[in-house]
Amino acid sequence: MLQRLIAIVRKELINMLRDPRARMSLILPPLLQLFIFSSAATMEVKNIDLAIVDLDRGPTSAEILHRLRGSRSFERLDLFPSLAVARTEIERERVIGALVLQSGLSADVIAGRPASIQLLMDGRRSNAAQIAAQYISVIVGGVGASVTGRAIGVSAAPDAEVVIDNWFNPNLEYTWFMLPNLVGNLSLGVALMLTAMSVARERELGTFDQTLVSPATPVEIALGKLLPPLLVALVQTSLYLLIVTQLYGVPFRGSLWLFYVAVLTFAAAAAGVGLFISSMVRTQQQAFLGAFAVLLPFALLSGFATPIENMPGWLQFFTAINPLAHMLRIMQGLFLKGASLQSLADDLNKLVAIAAVTVTASVLLFRRKAA
Amino acid sequence: MNGAESISERARRWWQQLAAVMLKEAKQVTRDPSSWIIAVVLPLTFLFLFGYGISLDTTVVKVSLVREDSSEDGRAFAAALENSRWFLVTHAADRAAGKRELQDQVVKAVVIIPAQFGELLHSQADTAQIQVLVDGAEPNTANYVRGYVSAIWSGFLAARGRSQGDSMTVPITVEPRYWFNANAESRWFLIPGSMTVIMTLLGTLLTALVIAREWERGTLEALYATPLTRGQILIGKTLPYFALAMISMAVCVFTALLLFHLPLRGSILTVGLVSAVFLFPALGQGLWISAAMRTQLAAAQLGLMTGYLPAMMLSGFLFDIHSMPRWLQIVTLLVPARYMNVSLQTVFLAGDVWYVLLPNIAFMLAVGALFFTLTWRRLQKRID
């Protein structure tokens with residue numbers, strides 16, 4: 001049986017790697033994705049362009065402008081005579097918002113009266129707008145403290161403070177979060193897509209029946225379809241591991257063998273889902289869309305795009321059976337936290353359980369459909 | 001003899017041939033039940049997922065509190081933390097236990113009120129410290145935790161100052177207001193973005209598989225053997241998918257309006273216009289991919305790479321384009337989804353602001369023209 005299985009795996013691998021374009025498509029796109037999306041996927045807000053309507057023209061507004069210019073989050077501060085003009089700039093997305101420094105602001109601050117400044121932000125980009133508003137509040141709040149401190153003569157030195165210590169990622173580098181996540185996401189896509197298309201492709205080309213009349217049993221054929229994507233995932237993730245740690249300088253603090261155990265289990269779970277889809281559909285087009293219909297919810301409900309805690313309860317249940325959600329926690333644990341087997345046990349166990357279910361179910365379905 | 005054939009007759013024949021291809025393609029599309037699943041079920045599923053699954057509004061963060069100090073001030077700060085709507089506070093016995101919870105990803109942060117916090121707060125010489133350990137593995141959440149703790153801290157200091165009769169100087173505050181989206185609800189800006197992703201999925205990915213399939217099956221050569229021109233083949237292949245995508249767009253729009261209560265401040269006609277224009281580059285890209293790739297697998301992968309993923313990541317849907325590095329901002333100029341995103345967000349949230357919409361429409365048409373030209377030339381090469 002082992003001999004036959006090896007023969008089938010060899011045949012599948014040759015099939016997969018024979019076409020130079022297909023070979024390239026296994027290597028190039030994932031790497032490109034890694035490079036492009038690691039720079040795109042940031043929730044940091046940078047290069048902010050802001051409209052300023054300065055009706056105050058006093059020391060306070062000058063100080064605020066000075067500090068905004070000094071912050072590296074801002075790229076352009078455009079001065080506009082009135083809010084009406086600034087509004088069209090917001091509509092055209094030339095600026096993300098407008099800060100209105102009303103007349104009498106400096107006088108209020110010097111007299112020690114509480115002052116508030118209007119900030120109008122583009123709600124179409126509500127996420128970036130909120131983060132930018134937070135930056136601006138901090139900067140303007142600082143001006144308030146120091147200006148009022150100087151005016152009334154109170155020492156600004158605090159006698160109490162909050163000390164915040166960021167563990168695992170002291171400078172809160174966004175790439176440190178993104179890249180371990182991408183390792184999980186990209187290997188899911190490859191393992192699932194390859195298996196999903198494999199049977200459908202043979203059905204379309206008519207070679208599937210030939211395989212069935214060979215001495216190999218349906219279970220062996222199914223395993224032969226499942227194993228090559230595991231090998232591809234293994235090679236790919238090794239490549240990612242090298243790039244992410246050596247090129248991007250993301251630390252890898254966990255154990256290497258745990259990494260590979262997780263990758264293999266995860267790829268098996270993904271390939272199982274892929275084979276399941278492949279057994280159900282007739283054409284590659286359907287297989288592709290089926291794979292896609294599964295990939296998207298997996299990716300969205302994994303904690304990658306948005307924290308799981310933000311989701312409604314019934315969706316959080318889905319994240320429990322989502323292999324990617326467990327994989328991402330394991331990857332973060334291994335890369336950044338140096339997590340031990342003990343602290344990963346829960347996620348790893350669930351991943352093994354999911355893989356067992358998807359592989360068994362897909363092989364059973366395959367056998368039934370093939371018979 | 002040929003000259004005797006009038007122009008109007010040739011035009012009529014051209015139309016008849018076109019109608020024949022379109023009919024053939026349309027039959028092929030509608031006969032397949034999966035087309036309907038794609039046009040209706042898939043978009044709805046995605047819209048639900050995007051509408052409910054993705055929320056960038058931060059909610060409650062789990063925090064572990066370690067209290068080593070039992071003074072009144074320590075209790076007051078702990079109470080302030082527990083009463084805040086941003087945190088779900090659990091208690092850890094000591095620092096080691098708190099750190100373990102952080103390590104095991106049970107909580108996102110550990111707040112430590114150190115021994116003698118109360119005493120130090122009263123003494124003039126020493127500085128009282130609250131220690132916060134934050135899980136930096138998720139930088140966004142970490143930033144929010146930082147902001148929230150600081151806000152609670154200044155609230156605590158202010159309350160303490162008031163109760164002791166100090167008059168605190170009030171710093172300048174900033175009052176943010178959000179135009180077009182008064183509550184800054186992330187769903188309002190995510191749903192138009194999800195429609196763009198869904199349209200890209202249908203327009204680009206589905207079409208990408210069309211000619212690739214014909215190459216694999218060898219039916220494209222058969223199509224070339226007919227008197228059809230390249231233009232007729234292109235149009236005939238595209239239009240049924242155009243109709244399919246427009247149907248699912250309509251489904252999406254009505255779901256968004258009725259179920260998610262997305263405001264529509266522009267007109268429904270403008271939504272239709274923008275969608276139709278967007279399908280030009282989206283379908284063009286799909287056709288180009290399928291014409292360039294020989295196998296469906298390769299076409300599917302290229303479609304994912306250059307169609308779907310950029311629509312997710314480079315269109316301003318999830319990640320703000322202005323925050324990307326300059327070279328990547330230039331790359332986004334080629335992503336039709338980027339223009340669609342701004343247009344839809346504008347029509348839904350701001351209204352029919354033509355001086356915003358028209359440049360975006362122009363860009364979409366330009367990208368579409370580029371893709372159709374590329375496909376055109378690609379098909380010519382193949383026939384030689």
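Five strands line up here in an open sheet with mixed pairing, in the order E2(A)-E1(A)-E3(A)-E4(A)-E5(B). At the edges sit strand E2 (74–79) of chain A and strand E5 (173–179) of chain B, each of which pairs on one side only. On average, neighbouring strands of this sheet are turned by 25° against each other, direction ignored. Keep in mind that this is a predicted model.

There's a helix to go with it: H3 (residues 59–70) of chain A lies across strand E1 (48–54), E2 and strand E3 (97–101) of chain A. Against E2(A), that helix runs at about 150°.

## Where the chains join in the sheet

So what links E4 of chain A to E5(B)? The two strands run parallel, and 7 bridges join them, with E4 of chain A covering residues 116–122. If you want specific pairs to look at, A:Leu119 has B:Pro176 as its bridge partner in E5(B). Likewise, A:Leu120 has B:Arg177 as its bridge partner in that strand. As a general point, strands of a sheet pair through backbone hydrogen bonds, either parallel or antiparallel.

## The wider contact

Now for the whole contact between the chains: chain A puts in 93 residues and chain B puts in 89 residues. On the chain A side, quite a list of elements supply at least two residues each, including helix H2 (20–40), helix H4 (83–91), E4, strand E5 (160–167) and helix H7 (174–205) of chain A. Also among them are helix H11 (284–300) and helix H13 (323–337) of chain A.

Which element of chain A gives the most to the side that touches chain B? That's H6(A), with 16 residues; this helix spans 126–152. By residue type, the side of chain A that touches chain B divides into 49 nonpolar, 26 polar and 18 charged.

## Inside chain B

Chain B is divided into two domains: domain 1 takes 16–54 + 185–383, and domain 2 takes 61–163. Taken over C-alpha atoms, the centres of domain 1 of chain B and domain 2 of chain B are separated by 49 Å.

Strand E4 (residues 128–135) of chain B is largely enclosed by the rest of the structure, because 6 of its 8 residues are buried. Its partner, strand E3 (residues 109–113) of chain B, runs antiparallel to E4(B), and 4 bridges join the two. Within that pair, B:Val110 stands opposite B:Leu133 in E4(B).

Methods: Residues numbered from 1 in each chain as written. Chains lettered and ligands numbered in written order. Predicted model: local features only at pLDDT ≥ 70, side-chain atom pairs only at ≥ 80, totals over all residues. Pairing = 2+ DSSP bridges. Axes fitted to C-alpha atoms, helices over the stretch in contact; angles between N-to-C directions. Contact = placed C-beta atoms within 7 Å. Domains from an automatic or database assignment. Buried ≥ 20, exposed ≤ 12 C-beta atoms within 10 Å, placed from the backbone. Nonpolar A, V, L, I, M, F, W, Y, C, P; charged D, E, K, R; others polar.
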